[in-house]
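Dear colleague,

I am handing over the structure below, and my notes on what was found in it follow directly after.

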Amino acid sequence: MKLQVKELTDTRCSFMVEGTTPDVVNTLRRILISEVPKMAIDEVEFHMGPIRDESGNEYDSSSALFDEMISHRLAMVPVPTDLKNFTFRDTCECEGAGCPHCTIIYVLNKKGPCTVYSGDLQPLGDVTLRIKEELIPIVKLKEKQALLIYATAILGRGKDHAKWQPVTICGYKYHPKLSLTNKDQKDPENTYGIWDHESKSFIVEGLDRSELCHVCRQNVENNEGMEDPKFELCGRDDKFIFTFETDGAITAKDALEYALEYLSNKYEEFREDISGIDEKA
Ligand SMILES: [Zn+2]
């Protein structure tokens, strides 16, 4: 399997993968969505009763939204996650009690009138764990309303809840291949890809060319219904263009590295599982 990264930013990755099959690429897609972990807020504790500021003014612990809705909105905030530093709580050395290796605690302390944003969540301890997407609105507070919240984030996987799914957009398309069907036509100009004389087909190479595949597709559509069409388009089932984005909790590079290692480990486990079958037979 050959993998060639075409575009890589903090939150987006596009790559070409060659010499594999649709089931392997689809498995990678499913792992990226459901198995790559991230930290997310899992428990929210609301202060009940009056809240006072430094000047002695009193506020109500209330807002326009139910506490459950605020909790849900907080859970969806992308929490910065370095997968090398965090571990799952149930396998952590603290045995589930909660420690800096498996738990982040955020404090949110806001008094109205104002809008509460994700950036108002302050981590206890490590300031590098501040929320990067600061302007996600959580709730609006009116005069005399206030929120004092302790929120606990832990590591989880997307297969358990969408809040633990760092990879958002994720998909692949078959690499396009154009074939010339009109035998009388001269070799088309090398606009869309490489003209392969042996197979009498167009092979579109590289991501830049794959953008042209849209043009090619248009070309095919233009030919549709004609008695003597010039092109037909099909997808190669051994070469794919894969694109995914993350919500910013982890980088696209970390997500891909984790997924590829996970995939490789799964195959290794499977290989070990079936290694004894011959002996038993
Ligand atoms: Zn721990």
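The site of the zinc ion is tetrahedral, with angles of 97 to 117° among its four donor atoms (four donors count as tetrahedral if all angles lie between 85 and 135 degrees). The protein donors are the SG atoms of Cys92, Cys94, Cys99 and Cys102, lying 2.2 to 2.3 Å from the zinc ion, where donors are N, O and S atoms within 2.8 Å of the metal, or 3.2 Å for Na, K and Ca. Along the chain these donors follow the spacing C-x1-C-x4-C-x2-C. Cys92 is buried at a relative accessible area of 5%, and Cys94 is buried at 18% (buried means under 20% relative accessible area, exposed over 50%, partly exposed in between, with a 1.4 Å probe and protein chains only).

Please keep in mind that this is a predicted model, in which local features need pLDDT of at least 70 and side-chain atom pairs count only at pLDDT 80 or more, while totals for chains, interfaces and linings use all residues. Residues are numbered from 1 along each chain as its sequence is written, and side-chain values use heavy atoms, with hydrogens and water left out.

Turning to the rings, Phe15, Tyr172, Tyr174, Phe240 and Phe242 form one aromatic cluster, where rings of Phe, Tyr and Trp (its six-membered ring) pair if their centres lie within 6.5 Å, and planes under 30 degrees apart count as stacked, over 60 as edge-to-face and the rest as tilted. The count comes to five aromatic pairs. Phe15 and Phe242 are stacked, at 4.9 Å centre to centre with 10° between the planes.

Best regards

How values were computed:
Tetrahedral: all angles 85-135°; square planar, octahedral: opposite > 155°, others 65-115°.
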